[in-house]
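Visitor: I'd like to learn how to read aromatic pairs and nonpolar cores in a model. Could you walk me through one?

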Amino acid sequence: MKAAILFESLTGHTRTAGELIAANLQQVGWGITGVSPVRRPEMASIQDADMVIIGTWVHGLFVVGQGPFGLAAIAGLPALRGKLAATYCTFALNPAKTLDKLDRAVSQLGAEVIGGLALHRSKLNAHSEEFAARLTANVPARV
Ligand SMILES: Cc1cc2nc3c(=O)[nH]c(=O)nc-3n(C[C@H](O)[C@H](O)[C@H](O)COP(=O)(O)O)c2cc1C
């Protein structure tokens with residue numbers, strides 16, 4: 001399985017999570033075609049990937065109004081028809097329905113979204129490992 005990772009990040013947690021997810025997936029034999037920002041995506045990495053993993057961070061008032069930051073930029077990504085997708089978000093307190101909203105935006109690009117995970121920003125190592133493990137359990141690896 002070949003995956004491209006795209007992240008939206010302000011202070012670096014979501015970027016770090018993307019890099020950790022890439023490392024975890026590589027350990028189980030997945031190819032990573034690229035890890036790049038949503039706003040400057042490596043087009044070739046998307047084209048070459050079977051799966052696109054899109055991550056952003058939770059923006060809101062911590063107890064209300066949470067949602068994925070950068071939805072407009074995500075909606076502006078190239079069409080992902082024929083590709084699988086998975087999503088993640090990083091958060092500090094409570095992600096609420098952020099992943100559902102992110103999944104809807106990614107589905108609208110034409111991808112088949114197979115799931116996602118919210119990663120706590122203070123547990124990026126453990127949660128990135130969990131994300132990669134769930135992904136590999138749900139997608140048979142084609143090495
Ligand atoms: C303006 C702003 C609003 C935020 N709102 C929330 C929120 O409503 N709920 C939450 O759990 N975290 C919230 N956070 C925390 C971020 O989601 C968290 O720190 C995230 O890991 C940042 O990702 P980044 O380092 O990739 O930018 C907020 C952060 C900022 C800067």
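Visitor: Let's start with one side chain: is Trp57 buried or exposed?

Guide: Keep in mind that this is a predicted model. Buried means under 20% relative accessible area. Trp57 has 17% relative accessibility, so it counts as buried.

Visitor: And how many aromatic pairs are there?

Guide: Ring centres have to lie within 6.5 Å to pair. By that rule there are 2 aromatic pairs. In one of them, the ring centres of Trp57 and Phe69 are 4.5 Å apart with the planes at 20°, so this pair is stacked. Trp57 belongs to strand E3, while Phe69 sits in the loop between strand E4 and helix H3, so the pair ties together parts 12 residues apart in sequence. Phe69, at 30% relative accessibility, counts as partly exposed.

Visitor: Which residues touch the most other members of the largest nonpolar core?

Guide: That core has 21 residues, and Met51, Ile53, Tyr88 and Phe131 touch the most other members. The elements giving it two or more residues are strands E1, E3, E5 and E6, plus helices H1 and H5. Another core, of 19 residues, lies apart from it and includes Val38, Val52, Phe91 and Leu109.

Note on methods: Residues numbered from 1 in each chain as written. Predicted model: local features only at pLDDT ≥ 70, side-chain atom pairs only at ≥ 80, totals over all residues. Heavy atoms only, no water. Phe/Tyr/Trp six-rings, centres within 6.5 Å; stacked < 30°, edge-to-face > 60°. Helix = DSSP H or I, 4+ residues; strand = E, 2+ residues; numbered from the N terminus. Buried < 20%, exposed > 50% of the residue type's maximum accessible area, 1.4 Å probe, protein only. Core = buried A, V, L, I, M, F, W, Y, C linked by side-chain atoms within 4.5 Å.
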